Every structure is written in structure tokens, then in C-alpha cells.
Protein chains: 2
Amino acid sequence: MVIDHLGIVVTSIEDGIRHWEDVFGYRQMTEVVVNSRQNVKVVFLAKEQSITVKLIEPVDEASPAYRLAKRGGGLHHLCFKCENIDRELGQLTQKGLRVLSQPAPGEAFENENIAFIFAKQGLNIELIDTDKKAMRRF
Amino acid sequence: MVIDHLGIVVTSIEDGIRHWEDVFGYRQMTEVVVNSRQNVKVVFLAKEQSITVKLIEPVDEASPAYRLAKRGGGLHHLCFKCENIDRELGQLTQKGLRVLSQPAPGEAFENENIAFIFAKQGLNIELIDTDKKAMRRF
């Protein structure tokens, strides 16, 4: 599995898009999608030869992104793409990692399965299947 | 400028290397280098088709990585590589970003200049010149 994109929490997704376009030269690649399972709005931005970025704005206090947004936002998680999410999840739990949310459809990925794992050492990671990258483009 | 690597704080650089090798399939690309300006030990790890990772262990309380290590570690900064660090820094400060440390030799990059910037929205970024990537390999 390899890192597909970075999850970055912002207090306002519109301000975040402007910031990443203006300061870092990224461009918006998808519409803003509401993920009702994580209680977040998300959008993907890309730049040639650079890693894809997903901006995340919590929609309420129940969101796992809420606490970081309250502190002003920042780096939130790494998303790894893998061949088989269930097999990978089995291997990661065998290594002692803890599943935060089991594979379930993610609206930002056209309802393909995503999962979240606490990867120890302060890292939260997301898992998606390899072929989802093309599906979330405009 | 494009993202070159991720800076991730760990409480123990040896444990961090083992974790990234065992769990994520990365491999150590450099020796562990002490950066006396930032009061950190750093090491680079890489994996094919995935973004390079720099693990950072603070050596004392004066390190900017100390607070995050006390909380157990986690994602710390994004490092952008650019053509001309001074010109890029000028453009970023014109956009209202604040320089945390001016360009100065970084031991982990064979004494080439690096700089740190607070990029707003909770993001700290590092700047390096484009041609440094090859220099820090074994």
C-alpha cells in the first residue's frame, strides 16, 4: 500500500480551497462532497508531480475532525491506497493497529469502501482501494 | 513548488523506523542525522510510488518538535521543494505567510539551505531547493 493523499482539516472549506490554490498552486479536482458518516465536507485538490490533498471541514461537533478544526486546522491523516481493503485491514490489525471505522461506503469516493485505522505513534490513517483515484475527479 | 516529503514527529526515531518498515513497508534511506539548529534527530524513509517520509525526534525541550512528541507524535509539517528558496520565500511572505526560520544550512540536507514558514490554517511548511533530494540518500 502507498500513500494516496493527505487529509488536512480546515475551518472553512471555501477558504481552504482559495488558500491551496493561491499559496501552493493546487487546483480543485472535485466538487465539495458531504460525507455523512464522518460528518465532514471534503474536497480534493491536485498539482502535477505533487501529492493529492483532501481538505476536510467538520459539519458538527460529532465529526472526528472537529477538535482539530477548533484549534485552527492542520494535518489530520494519511490515506493509503491498497489492493484489497479487507485483506490489508486484517494484516494491520494483526500488527496491533486499531480499526477506528470498519470499511463502509464513502460518499467522497462514489460510495466505495473506506476505513480508518489508528496506526500508533500519533498517526491516523485511511484505507481506500487502488482504483478509486479516477472516480472522484470532475 | 511541489511537496517533497512529510515531516512526522516520533518519540523514538529507532521505534519510528521499525514501525514504518514493518507496518507501511517503507525502507530507511539515510543515516540518522542530528540537526543542531532544530534540536532534532531526523531520518528519511522511502517507498516506491509513495511520498518520502522524514521522521523527527526532538533531542530536547527547545526543539519545535518537542510538544508534539510529548503528545505521542504525529504529522508535523509538509516540505515543499522549490527552484529558488529566497525568491519563493519572498512570494510567500508577500502573501502574508510568516517565516519561522530564515534559510540556513540544514545538516540533514548536506548543509544546503532550508527554511520554515507558518502557512496559516494550522500548517507549518519547510522549503528546500529542488536538487537536494539526491543528496541525502545513502
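A residue counts as buried when its relative accessible area is under 20%, as exposed when that area is over 50%, and as partly exposed in between, with a 1.4 Å probe and protein chains only. This is a predicted model, in which local features need pLDDT of at least 70 and side-chain atom pairs count only at pLDDT 80 or more, whereas totals for chains, interfaces and linings use all residues. Residues are numbered from 1 along each chain as its sequence is written, chains are lettered from A and ligands numbered from 1 in the order in which they are written, and side-chain values use heavy atoms, with hydrogens and water left out.

**First stop: a loop in chain B**

Select Thr30(B), which sits in the loop between strand E2 (27-28) and strand E3 (33-35) of chain B; helices (H or I, at least four residues) and strands (E, at least two) are DSSP runs, numbered from the N terminus. Is Thr30(B) buried or exposed? Thr30(B) has a relative accessible area of 6%, and therefore it is buried. Now display its side chain, which reaches the backbone nitrogen of Phe44(B) at 3.0 Å.

Move to Val2(B), which belongs to strand E1 of chain B and counts as buried because its relative accessibility is 14%.

**Third stop: where the two chains meet**

Colour the two chains separately and look at the residues between them, where 38 residues of chain B are in contact with 38 residues of chain A. The area buried between chain B and chain A is about 2,800 Å², with carbon and sulfur atoms giving 67% of it; buried area is the accessible area (1.4 Å probe) that two parts lose on being put together, summed over both.

Which elements of chain B each supply at least two residues of the side that touches chain A? They are strand E1 (2-9), helix H1 (13-22) and strand E6 (74-82), and E6(B) gives the most, with six residues. By class, this side of chain B has 20 nonpolar, 11 polar and seven charged residues, where Ala, Val, Leu, Ile, Met, Phe, Trp, Tyr, Cys and Pro count as nonpolar, Asp, Glu, Lys and Arg as charged, and the others, Gly among them, as polar.

Across the interface of chain B and chain A there are 10 residue pairs in polar contact, both residues being at pLDDT 80 or more. A polar contact is a pair of N or O atoms within 3.5 Å; within protein, one must be able to donate a hydrogen and the other to accept it, and residues adjacent in sequence count only if both atoms are side-chain atoms. The number of salt bridges across this interface, by contrast, is zero.

**Fourth stop: the salt bridges**

A salt bridge is a side-chain nitrogen of Lys or Arg within 4 Å of a carboxyl oxygen of Asp or Glu, and the whole structure has six of them over all chains. Select Glu126(A) and Lys54(A), which form one with their closest N and O atoms 2.7 Å apart. Glu126(A) lies in strand E9 (residues 124-129) of chain A and Lys54(A) in strand E5 (residues 52-58) of chain A, so the pair ties together parts that are 72 residues apart in sequence. Glu126(A) is buried, with a relative accessible area of 1%, and Lys54(A) is buried at 4%.

Next, in chain B, select Asp15(B) and Arg18(B), whose salt bridge has its closest N and O atoms 2.6 Å apart. Both residues lie in helix H1 of chain B, three residues apart, which is about one turn of the helix. Asp15(B) is partly exposed at 36% relative accessible area, while Arg18(B) is exposed at 53%.

**Last stop: two cysteines in chain A**

A disulfide is a pair of cysteine sulfur atoms within 2.5 Å, and the structure holds zero of them over all chains. Select Cys79(A), whose nearest cysteine sulfur, that of Cys82(A), is 8.5 Å away. Cys79(A) is buried at 0% relative accessibility, and Cys82(A) is buried at 2%.

Technical notes. Contact = heavy atoms within 4.5 Å.
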